[in-house]
Protein chains: 2
Amino acid sequence: MGKMKNVISAVCVKCGAEFEASPNVTTCKKCGGILDIKYDYEWIKSQVSVKDMADRHENSMWRYREFLPVQGDSKVPKLRVGWSPFYQSERLAEKLGIAKLYIKDDGINPTASLKDRASAMAVVKAEEAGASIIACSSTGNAASSLAGNAAAAGFKTYIFVPERAPKGKVAQLMMFGANVISVKGSYEDTFRLSAEAIDRWGWYNRNAAINPYLMEGKKTVSLEIAEQLNWKMTDYVAISVGDGCTIGGVWKGFKDLYAAGFIDKLPRLISVQAEGCCPINRAIAEGRDWYPMEENTIADSIAVGVPRNPDKALNAIRESNGVVVNVSDQEILDAMKLLGTTCGVFAEPAGATGTAGVKKAIEQSLIPHDATIVTVVTGNGLKDPATAITAAGTPITIPPQMPDLLSAFPELK
Amino acid sequence: MGKMKNVISAVCVKCGAEFEASPNVTTCKKCGGILDIKYDYEWIKSQVSVKDMADRHENSMWRYREFLPVQGDSKVPKLRVGWSPFYQSERLAEKLGIAKLYIKDDGINPTASLKDRASAMAVVKAEEAGASIIACSSTGNAASSLAGNAAAAGFKTYIFVPERAPKGKVAQLMMFGANVISVKGSYEDTFRLSAEAIDRWGWYNRNAAINPYLMEGKKTVSLEIAEQLNWKMTDYVAISVGDGCTIGGVWKGFKDLYAAGFIDKLPRLISVQAEGCCPINRAIAEGRDWYPMEENTIADSIAVGVPRNPDKALNAIRESNGVVVNVSDQEILDAMKLLGTTCGVFAEPAGATGTAGVKKAIEQSLIPHDATIVTVVTGNGLKDPATAITAAGTPITIPPQMPDLLSAFPELK
């Protein structure tokens, strides 16, 4: 096994126990807690500087190699993940009444969501672990991104989905050649069967709440945001929250940069959940631990009533002195239109939830008007055309004659 | 109006008449033919070299500014278009029995198709022309890409679609805030009404077969392919063909590079159409002019029985000593699965058509096994989930018990 010069160990976020950061390390052997990868920031500083970054031509998440838990001789995987676009939108900022607003569009990834960052990492670590099969259980973006990234890298996958999984998403999995097991039962049944199978056959486990490396993939979105801001940190970063892995990864990225001296200030996180499913934000608001909640929202990617990574999510929000805000489904649909009309960015519901939260937080004076904010779009609107139809409304239909056009669009005179 | 130092004029491809390359020039005033932008290659050579390119950090189609017909002071538009991923696939090459195969994935663009390259150009030229409204008539990728790019740049759009246009695509237009006019009538009726309106109100015309600049946007896919190949040209470039604008643009890009000394060889084009709709390829095969054909294929983006840009397409195929190949719908579906399973690339039907053509051309010995080939994926599979479901097949459904998993997947023992 090759050595990672930048990584010290994997530390349990619950009990603090330290473990060797082997490629297939999972949860804490003592208390079952999730592990966090611990870096040697002095080594990182000795290897790379802000100035070095500017000269790099690797336009993917792998441009931050010194910050990533991969062995020196591991190859960058085939699919180009990350280095997603970063847009300043003056018009959306004006509409929301905020000084500066930036959009980080992670819908522009090979399988069209931020999850590709975690799956690309899974592929590299599976290779390091000598695995040839990767497995997970999921019905959404994690599943399709694993299927796509694994196909490009030549891995076999077993992906467990509950029978109710939407046909379109299952089709995407099948198209990437995944072995899809459609399970007659609940998501819990599906997860249990997948865990049993992963255990039995020793498949590489792509589950962001169990495999600590996946969050290290997700954190690259923050490394990019910082560089795209020229290392001048914004006041706030808004992100939609489901099982908690993504906001945990976002925070880890900023903390790593801060520890390595790449940025001199940390942003405050804006944790946005759906009103109908907000166990993480509720825990923050109530100042106590989370407890399960119904899953009542159109934003399917964050409809997680029993979050699988609450510890890192809650830590991230608390450490960053974060803001929590819950939005209604109608506010999510409105944010989809706002992003489309002012930025040309088409987001899936969960992808627009962060922006809906920014709007509401400003309206409720949770954040000041002179702030600068980054909002992360986590997935592409093409993933969920049905909801887009709901949000978009219907066009005016007319006979093919000029007088009809004139009466339908009076502004044309 | 600012001057373009690299552009000499706009030349009619039919009668050779030359016109001033003003921002809103359209077809030939003498014969109605389509115009082609003529460059001063000596000027280009004096400004930029292959070596200069390697140092550039502009990761979009605008890195080739010296080759593009835009004024010196025109701003790069907001949405990041181009510099799409370029993958060598050893596994697909082996499956097809070809020496080297590369995939250019243009589904990774802001609105998920190659058409963004033309729409980004339209936005810049509309700005130069002093227009505030851009219009087109289309039901597909051109429409959604205009809507998205215009929204990001702050232009108003009027987009005419026939009433039969798929709801999902219309929703995307509405989401970007386009003024969508759904016309009770045929596509011809829709086109006629749009032409009348464009004429009456002087809107900027985003129609690749009328506006010569749009093909100059499309050609950037070839500039990128050449650079991503380190300027060592491949033997063949395969592309799906509908109205002819894209293959025309692809060829223009290579010719420009050749004329400026950036490449020392031109590739042969592989023009791929659907068996059920192949008027361009039929014209080549029969050695005479094209005539209309039925539009009988699942690949809706290239279901064009009356191509609007046949002249440039036929010139491109003939000048490049090109190969024409027609593929069945089943072959297109098979190519979608091939791209997904071997490359992790999810293509819409027209996006996989080029690859289907490569497979068939090799099988029919139209191209030799020792060739190197680039195939362009023109659009993302998420645009057409219904067809993906057809191509992908259905998964095995089992109860949530280990014995059921074992009997469903016997390879697990």
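In which order do the strands of the open sheet in chain A lie? The order is β2-β1-β3, three strands with antiparallel pairing.

## Ground rules

What you have here is a predicted model, where local features need pLDDT of at least 70, side-chain atom pairs count only at pLDDT 80 or more, and totals for chains, interfaces and linings use all residues. Residues are numbered from 1 along each chain as its sequence is written, chains are lettered from A and ligands numbered from 1 in the order in which they are written, and side-chain values use heavy atoms, leaving out hydrogens and water.

## Chain A overall

Chain A has 16 helices and 14 strands; these are DSSP runs numbered from the N terminus, with helices (H or I) of at least four residues and strands (E) of at least two. Its C-alpha atoms fill a box of roughly 75 × 50 × 45 Å along the principal axes.

Take the contacts in chain A (heavy atoms within 4.5 Å) with a separation of 6 or more: 68% of them link residues 24 or more positions apart.

## The open sheet

Because 4 of its 5 residues are buried, β3(A) is largely enclosed by the rest of the structure.

## The second largest pocket

This pocket holds about 980 Å³ of space. A pocket is an open set of points on a 1 Å grid over the protein atoms alone, where a 1.4 Å probe fits, with protein on both sides within 12 Å along at least five of seven lines; lining residues have an atom within 4 Å of a point. The volume is the space filled by probe spheres set on the points, which are joined across faces, edges and corners.

There are 41 lining residues, and the closest to the centre are B:Asp243, B:Asp300, B:Ser301, B:Ala303 and B:Val304. The largest share of the lining, 3 residues, comes from α7(B). By type, the lining divides into 15 nonpolar, 15 polar and 11 charged residues; Asp, Glu, Lys and Arg count as charged, Ala, Val, Leu, Ile, Met, Phe, Trp, Tyr, Cys and Pro as nonpolar, and the others, Gly among them, as polar.

Terms used
Pairing = 2+ DSSP bridges. Buried < 20%, exposed > 50% of the residue type's maximum accessible area, 1.4 Å probe, protein only.
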